[in-house]
Amino acid sequence: MKNKYGVAVVGISLEGIGNRHITSVIQNVNTEPIMICEVNEEWAKNRSEHYGVPYCTDYHDLLDREDIDIAIICTPDNLHADMIADFLAAGKHVLCEKPLALTLEDCQKILDAEKKSDSKLMVGQICRKTPAFVKAKQIVDEGVIGEITYIESEYAHNYSVMPIHWRNSYEVPRHPFTGGACHSVDLLRWFCGDPTEVFAYGNHKLLGPKYGPCDDTMCSLMKFPNDVVGRVFVSIGCMSPGTGIRTLIYGTKGTIVMANNDRHITLYLGSFGFEKSDKILGGQLYKNGIQIPVSLNSHNTAAELADFIDILQNDKDVDVNAREGANTVAVCVAAIESSKTGMPVKVKYCE
Ligand SMILES: NC(=O)c1ccc[n+]([C@@H]2O[C@H](COP(=O)([O-])OP(=O)(O)OC[C@H]3O[C@@H](n4cnc5c(N)ncnc54)[C@H](O)[C@@H]3O)[C@@H](O)[C@H]2O)c1
């Protein structure tokens with residue numbers, strides 16, 4: 001069993017997610033930061049000095065290096081597929097940021113590359129490591145809220161406070177349903193499996209033309225196995241109440257309400273109100289749910305890396321593998337198609 005894995009982080013702007021990943025690599029006892037790769041040389045130098053890790057500007061220079069076991073890919077979404085394929089072909093393990101890709105063609109390319117390779121690929125669907133959602137999954141798996149009947153999740157952000165860059169491109173449009181709501185879609189899939197059909201409406205009323213051509217708001221209904229209904233909402237220009245990924249699950253015996261940036265999840269058992277334990281507040285029946293404390297860690301890249309290392313060291317199957325990443329993208333692609341055609345769309349999953 002290998003004790004130290006050499007790691008390269010590819011794509012590290014001054015404030016982007018690559019910074020969280022390199023920090024996790026530096027802190028993990030089983031990983032050693034070998035190189036950062038950033039195409040913008042000024043940023044590459046800056047980050048290299050900041051972390052004390054050498055840099056390069058072309059990821060191809062990393063492919064033949066024997067001291068690199070793992071590549072963590074944090075570049076814009078449309079670049080993931082080629083990079084993953086190249087690193088896997090070079091025998092490197094890959095941890096790639098979400099979304100796996102923006103198109104089904106790119107997802108298929110990645111699935112094919114993964115099949116051909118002996119290396120492992122994990123997709124950074126970070127909500128599966130977020131303490132609130134991990135706790136909710138445990139509660140659901142223990143049967144506490146019975147069978148899920150309905151589930152909803154939202155990705156509510158305001159990209160107008162972010163710099164104008166690849167997220168706003170006209171050349172490679174990045175629809176926020178794939179770019180942002182993939183977090184919520186992946187959560188719903190984690191709890192309820194793969195939806196068979198989706199329907200969606202979208203509009204573009206919040207962000208001006210400089211923020212790109214895609215709708216800034218969209219809502220999708222989804223039909224899941226086992227007769228479960230789901231809903232995903234995305235906005236990248238809303239006056240967000242401060243909850244990024246607010247999520248709710250109704251089960252036959254209870255309900256869970258949570259968000260990635262709340263310090264507790266709330267569990268309601270039995271019906272809302274109309275029970276002896278309910279309080280009368282301001283003339284209204286009001287029931288406190290059970291508040292279960294959870295730690296605040298909405299971008300738990302440390303847990304993600306630790307899980308990946310455990311998988312590598314013990315030759316386990318990757319849980320959030322290319323298939324998981326690709327199926328999440330397939331649902332997003334179907335929802336975007338529905339919002340354009342105004343018709344329900346059967347989800348087409350990759351082979
Ligand atoms: N898990 C999460 O919650 C989360 C949060 C933010 C971003 N992301 C994802 O992470 C990825 C990066 O997002 P970000 O916000 O850090 O973007 P960013 O723009 O801040 O950083 C991406 C960096 O990649 C660099 N880059 C582009 N092409 C490159 C190349 N060929 N070689 C090396 N570097 C290259 C860019 O110059 C840039 O500095 C995206 O896929 C995004 O969707 C995930």
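The following conversation concerns a predicted model.

Biologist: How are residues numbered, and what pLDDT do local features need?
Modeller: Numbering starts from 1 along each chain as its sequence is written. In this predicted model, local features need pLDDT of at least 70 and side-chain atom pairs count only at pLDDT 80 or more, while totals for chains, interfaces and linings use all residues.

Biologist: Which residues of helix H1 are buried?
Modeller: In H1 (residues 18–27), the buried residues are Gly-18, His-21, Ile-22, Ser-24 and Val-25. Buried means that 20 or more other C-beta atoms, placed from the backbone, lie within 10 Å of the residue's own; exposed means 12 or fewer, and partly exposed is in between. Helices (H or I, at least four residues) and strands (E, at least two) are DSSP runs, numbered from the N terminus.

Biologist: Why are they on the same side of H1?
Modeller: They cover an arc of only 155 degrees around the axis, so they lie on the same side of H1. The arc is taken from the directions from the helix axis to the C-beta atoms.

Biologist: What do they pack against?
Modeller: The buried residues of H1 pack against strands E1 (5–10), E2 (31–37) and E4 (70–73), and against helices H2 (41–51) and H8 (301–313).

Biologist: Turning to Thr-252, is that residue buried or exposed?
Modeller: Thr-252 counts as exposed because it has 10 C-beta neighbours inside 10 Å. Thr-252 sits in the loop between strand E11 (246–251) and strand E12 (254–259).

Biologist: What is Thr-252 in contact with, leaving aside neighbours within four places in sequence?
Modeller: Its contacts are Gly-146, Glu-147 and Thr-149, where contact means C-beta atoms, placed from the backbone, within 7 Å.

Definitions and conventions
Contact = placed C-beta atoms within 7 Å.
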